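Here is a friendly note for anyone opening this structure for the first time. Please keep the sequence and the 3D view at hand while reading.

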Amino acid sequence: MTLSPQHRTQLLQHPMLGLLPARSQDTLLSETHYREYPAHALILRQGDPAERFFLVLEGKVKLFRISADGKEKVVEIIQAGHTFAEAVMFMQKQVYPVCAEALEPVRLAALPNRLMLHCLQDNPQTCLHLLGHLSIRLHQRLDELENLTLQNATQRFALYLVGQVKDRRKDSAEVDLLLPKGLIAARLSIKPETLSRAMATLRDRGLIESHARHIRIPSVEKLLDTFTLEAQGIS
C-alpha cells in the first residue's frame with residue numbers, strides 16, 4: 001500500500017506528528033509501514049514485541065485482552081484518525097499489552113517507536129502534546145473503570161449513550177449505534193441480553209426512543225439526572 005496525499009495529510013494533522021519539523025516528519029514517514037487488513041483480521045497479539053505504534057487511516061480497530069480463563073475483554077474501539085499502542089514506547093518492557101483486531105476493512109500506518117523517541121528528544125513541544133494526549137486517555141480509562149465498578153448495566157448503557165453524543169449544545173440528541181450490540185455489551189462488561197434489557201428499561205421510562213440502531217434521547221440532562229439520583233440512593 002502506498003501513502004496517498006489524503007493519508008499523508010491525515011498523518012501530519014495528528015498532534016504527535018503535526019508539530020515536528022518537516023525534516024523529522026519526512027524521516028518518520030520514510031520508515032512508516034502502511035498496512036491493510038480485512039474485517040476480523042488479527043493485527044497484533046497480546047505479548048508480541050512492540051516496535052511500532054499505529055494510526056488508523058480508515059476503518060475501526062478493536063483492542064482487547066485475553067484473561068487467564070480465556071475470555072475476551074474489550075478495552076477500546078479505535079476510530080479512523082486516532083492512534084493506539086503509542087504509550088508502549090515508554091515502557092521498560094516493550095510488548096503489546098492488548099490484542100488488536102480489524103472490525104471492518106482497515107488501513108493503518110505503523111510508525112517506528114525507536115525513531116519517534118529520537119524525534120521527541122529533539123522536540124519538547126511535541127512531548128508536551130503527547131503527554132496531554134496520554135493524560136486524556138488515562139482519565140478516560142479511569143472514568144470507564146469507575147463506571148464498570150460502581151454502575152449497574154442500565155446506568156452503564158445510559159452513560160455510554162451520552163458519551164456518543166457529539167453536540168451537547170442541545171438537550172435532545174440523536175445517536176446511531178455504529179458498533180454491533182454484542183460488541184457494545186462486551187465494551188460495557190455485560191451480556192448481550194442484559195444490554196437488550198437495559199435498552200428496554202430506558203425506553204419504558206421514556207428516557208430514550210429507539211428504532212434499530214438509531215437512538216433518540218429526548219433530554220440528555222434528564223437521562224443523566226435520573227441515574228445520578230439513583231447512584232445517590234434517591235428515587
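1. Before we start. This is a predicted model, in which local features need pLDDT of at least 70 and side-chain atom pairs count only at pLDDT 80 or more, while totals for chains, interfaces and linings use all residues. Residues are numbered from 1 along each chain as its sequence is written, and side-chain values use heavy atoms, with hydrogens and water left out.

2. The four-stranded sheet. Strands E1, E8, E3 and E6 form an open sheet in the order E1-E8-E3-E6, with antiparallel pairing. E1 (33–37) and E6 (83–84) stand at the edges with a single partner strand each, so one side of each has no neighbour in the sheet. A word on terms: helices (H or I, at least four residues) and strands (E, at least two) are DSSP runs, numbered from the N terminus, and two strands pair if DSSP finds at least two bridges between them. As background, strands of a sheet pair through backbone hydrogen bonds, either parallel or antiparallel.

3. Strand E8 and its partners. E8 (residues 106–112) runs antiparallel to E1 and is joined to it by five bridges. You can trace this pairing from Tyr37, whose bridge partner in E8 is Val106, and from His33, whose bridge partner is Ala110. E8 also pairs with E3, again in the antiparallel sense, over six bridges; here Leu55 stands opposite Ala109 of E8.

4. How enclosed is E8? Six of its seven residues are buried, so E8 is largely enclosed by the rest of the structure. Buried means under 20% relative accessible area, exposed means over 50%, and partly exposed is in between (1.4 Å probe, protein chains only). Helix H1 (residues 5–13) lies across E1, E3 (52–58) and E8, running at about 125 degrees to E3. For that description, contact means heavy atoms within 4.5 Å; axes are lines fitted to C-alpha atoms, for helices over the stretch in contact, with angles from 0 to 180 degrees between N-to-C directions.

5. Strand E9 up close. E9 (residues 173–176) has Ala173 and Val175 on a covered face, and Glu174 and Asp176 on an uncovered one. In a regular strand the side chains alternate between the two faces of the sheet. E9 pairs with E11 (residues 214–217) in the antiparallel sense over four bridges. In E11, Ala173 finds its bridge partner in Ile217, and Asp176 has His214.

6. Helix H8. With 13 residues (192–204), H8 should span 18 Å at 1.5 Å a residue, and its end C-alpha atoms are 18 Å apart, which agrees; the expected span is 1.5 Å times one less than the number of residues. Which residues of H8 are buried? They are Thr194, Leu195, Ala198, Met199 and Leu202. These residues cover an arc of only 140 degrees around the axis, which puts them on the same side of H8; the arc is that of the directions from the helix axis to the C-beta atoms. An α-helix has 3.6 residues a turn, so residues three or four places apart point the same way. The face turned away from the buried side carries the exposed residues Arg197 and Asp204. Just after H8, Gly206 takes a positive phi of about 75 degrees.

7. Two loop alanines. Ala85 has a positive phi of about 70 degrees although it is not a glycine. Ala85 is in the loop between E6 and E7 (99–102) and is buried, at 16% relative accessible area. Ala212 also has a positive phi, near 55 degrees. It is found in the loop between E10 and E11 and counts as exposed, at 58% relative accessibility.

8. The cysteines. How many disulfides does a search of the whole structure find? The search finds zero, a disulfide being a pair of cysteine sulfur atoms within 2.5 Å. Cys99 is buried, with a relative accessible area of 8%, and Cys119 is buried too, at 4%.
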